Amino acid sequence: PRTYRKSDLENGQDVQGIDWRKLETTRSKARSVRSQLYCQFEPIHVGFPNPILLQNGKNATKTTNCDDYFRFTRVNNEHRAYITHFQLRNLIAATSRNDIYYANKYKIMHTDLSDQVNECAIDLTKTSTDSWDNSGGFVTTTLTATEEALIGGSFFGEYVVKSLKSDYDEPPTIGAVTQETNGITNHVHAFNSRTNGQRQAAFCNNDQHLRLLDLTTNSFTGDFTYPAAINCAATSPNGQMRIVVGDFLETLITNAQTGKPFESLLAHTDHVFACAWADDGIHIATGAQDCRIAIHDARWWARPVAVISSEMACPRSLSFSPVGSGKRLLLAAEADDFVHVIDAVGFTKKQTVDFFGPIGGACWTGDGGEFVVSNSDARLGGLMGFER
């Protein structure tokens, strides 16, 4: 294991420690070949059911790559998230630059950007006393973290919650989100209840259900059913509305308490896997297997304000920078090789971070001054840090 820092760039190496001179080629040539040979997940080619969707598809363009919001700081190739399912890439979470968590199959690891911490936060390897029914343990498919708790979901429909505020090393709470055979947990996010202010977790599962777990009482408080598998959800900052996306074309805007949709947005031509709601409550973003990111204004749902094309692959992780961290930005991670930092005010400019490898996730540190990418390539991957 080795840490590459920005100073290494001056010695002919790129951010992954690749010395292109020794390979007798150039990075640009390798990028060109990679892009030509890359095999994107086959889209479902459902066509365009209405004129609005047709117009959105025609208007999708690559946003100008001209801004320089962040600079590379380091990559530590000792740390990389384990990708359990090729479509699920939310496997890293951070509460600060000193507390970064990532899923490593049967363990959730804890590290930082200073190479001072390297420990197991939760060991989910199966023992003889464990009740979950799979061969090796709790295989993490999605992860999120708040100041209070670390929350994960598994391939077999379980969930895990570990307190991050306890003075003692309390064991994690493990339970079942669903008992369905096809109950893989695709996504989880945390939000504050609009009624009592308590922290809740929203689990999106392949069994077409979105379920709400009260983290204080460890009890489920909501269970909503939708037309197909739910891939991702995001709750508005005021707790009143929720985005729900899945194995269907529509982006559903729902009542967060009842789960019922009141808007159905048509901006994609394939299944949707990522969504995010900005902290100001105004903008939402969705990313789909049609290789597009759609931006909507919550004050006027009629049409997207922008439709942005990916560079190479499906955008599978989206998150807006937190309020108070400077100019609002949208962090968009494709499945492989590319992470974009998009101007979330005008949505016309971006900074593209370009490397080689599958992406296990990308997230902001707590204050938005840095972001972290988990490059999961077995040889050239690692935890990559960038500062504003």
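Over which residues does pLDDT stay under 50? The stretch is 42–58, and the model has 24 contacts beyond four places in sequence for it. Here pLDDT is the predictor's confidence in each residue, from 0 to 100. Contact means heavy atoms within 4.5 Å. Where pLDDT is low, the predicted coordinates should not be read in detail. For the protein chain, the mean pLDDT is 88, and 88% of residues reach 70 or more.

Some ground rules come next. This is a predicted model, so local features need pLDDT of at least 70, side-chain atom pairs count only at pLDDT 80 or more, and totals for chains, interfaces and linings use all residues. Residues are numbered from 1 along each chain as its sequence is written, and side-chain values use heavy atoms, with hydrogens and water left out.

Start with the sheet in the order 12-13-14-15. It is open, has 4 strands and pairs in the antiparallel sense. Strand 12 (185–192) and strand 15 (219–225) stand at its edges; each has a single partner strand, so one side of each lacks a neighbour in the sheet. From one strand to the next, the twist averages 20°. Strands are DSSP runs (E, at least two residues), numbered from the N terminus. Two of them pair if DSSP finds at least two bridges between them. Strand 12 pairs with strand 13 (residues 199–205) over 7 bridges, antiparallel. Within this pairing, Val188 stands opposite Phe203 of strand 13.

Now the sheet in the order 16-17-18-19. This open sheet has 4 strands with antiparallel pairing. Its edges are strand 16 (230–235) and strand 19 (261–265); each has a single partner strand, so one side of each is left without a neighbour in the sheet. The twist averages 20° from one strand to the next. Strand 16 and strand 17 (residues 241–246) are joined by 5 bridges in the antiparallel sense. Cys232 faces Val245 in strand 17.

Finally, look at Glu370. The residue lies in strand 28 (residues 370–375). Is Glu370 buried or exposed? Glu370 is buried, at 10% relative accessible area. Buried means under 20%, exposed over 50%, partly exposed in between (1.4 Å probe, protein chains only). Beyond its neighbours within four places in sequence, Glu370 contacts Phe70, Arg97, Leu113, Cys363, Trp364, Thr365, Phe386 and Glu387. With Arg97, there is a side-chain to side-chain polar contact at 2.8 Å. Such a contact is a pair of N or O atoms within 3.5 Å; within protein, one must be able to donate a hydrogen and the other to accept it, and residues adjacent in sequence count only if both atoms are side-chain atoms. Ser96 is 274 residues away from Glu370 along the chain, yet their C-alpha atoms are separated by 8.9 Å.

How values were computed
Axes fitted to C-alpha atoms, helices over the stretch in contact; angles between N-to-C directions.
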